[in-house]
Amino acid sequence: MNVEHLANVLSEKTRSSNWVVVFKALVTVHHLMVHGNERFIKHLSSRSTLFTLHNFLDKSVIEGYTMSAFIRRYSKYLNEKSLAYRMILSDITKTKRGIDGVIRTMNTEELLNTLTVIQTQFNALLSFNANPDELTNGIIHAAFMLLFKDSLRLFAAYNDGILNLLGKYFHMRKNQCRESLDIYIKFLQGRTKLIQFLNVAEQVGIDRCNIPYITQVSVSLLCT
């Protein structure tokens with residue numbers, strides 16, 4: 001089937017009242033966003049709305065209450081991932097990184113806009129907020145694994161952007177400095193949440209060698 005028809009089929013599945021069906025559809029969409037042809041995420045980003053599951057609740061089974069909460073958070077992240085593609089015109093997790101990478105060579109205005117988009121997507125990802133005891137079945141575990149891989153790629157792009165930001169800081173206008181400081185503070189907060197997220201990843205069996213070591217950063221400089 002073509003991309004549009006595939007997206008329609010999966011979208012129709014998310015309108016089910018059964019949490020299993022909806023969760024599986026979301027995992028499939030996420031998998032195709034990451035591993036499928038870029039035409040898929042490009043098509044999703046062209047839609048005015050992707051998932052409207054902020055009120056989803058499956059009351060038919062006991063686990064439906066817990067899993068419905070994860071579905072609401074997960075769908076929000078996928079919405080943000082799609083919106084980020086529309087705003088940046090690429091999947092930032094797949095762009096070239098490093099000193100000569102896309103985000104390290106952006107000008108100040110483009111960088112500030114891009115970091116704001118990354119920040120929103122990153123916060124939505126970490127809001128999945130699962131603990132090891134809740135990752136009890138194959139469906140939610142599959143979602144968590146996709147989120148884990150996204151978190152590493154997204155943080156790498158985020159970190160590249162912050163390095164570029166710090167290098168440009170003393171050449172910015174006053175209003176840009178204020179915006180940059182706010183972005184940096186939120187970056188440090190997100191970094192702390194990521195460490196907690198990676199601790200969960202280790203507890204559910206992801207090999208430690210696949211989990212980067214991320215240190216806490218002192219915020220004392222911000223108090224001066």
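The model is predicted, so local features need pLDDT of at least 70, side-chain atom pairs count only at pLDDT 80 or more, and totals for chains, interfaces and linings use all residues. Residues are numbered from 1 along each chain as its sequence is written, and side-chain values use heavy atoms, leaving out hydrogens and water.

**The nonpolar core**
- A nonpolar core is a set of buried Ala, Val, Leu, Ile, Met, Phe, Trp, Tyr and Cys residues joined through side-chain atoms within 4.5 Å, where buried means under 20% relative accessible area (1.4 Å probe, protein chains only).
- The largest such core here has 70 residues, and Phe23, Phe40, Tyr74, Phe128 and Phe197 touch the most other members.
- Among the helices (DSSP runs of H or I, at least four residues, numbered from the N terminus), H1 to H7 each supply at least two residues of this core.
- H6 (138-168) gives the largest share, 13 residues.
- Leaving aside residues up to four places away in sequence, Phe197 touches Leu125, Leu126, Phe144, Leu147, Phe148 and Ser151; contact means heavy atoms within 4.5 Å.

**Where H3 meets H4**
- The axes of H3 and H4 (lines fitted to C-alpha atoms over the stretch in contact, with angles from 0 to 180 degrees between N-to-C directions) come within 8 Å and cross at roughly 90°.
- The two helices are therefore roughly perpendicular, a label for angles of 65 to 115 degrees.
- On the H3 side, Glu38, Ile41, Lys42, Leu44 and Ser45 meet Lys81, Ser82, Tyr85 and Arg86 of H4.

**The annotated domain**
- An unreviewed UniProt entry lists residues 1-92 as "domain: ENTH"; such annotations may be inferred rather than shown by experiment.
- That span is 67% helix and 0% strand, with its end C-alpha atoms 27 Å apart; strands are DSSP runs of E, at least two residues.

Notes:
Buried means under 20% relative accessible area, exposed over 50%, partly exposed in between (1.4 Å probe, protein chains only). Angles under 35 degrees count as roughly parallel, over 145 as roughly antiparallel, 65 to 115 as roughly perpendicular and the rest as oblique.
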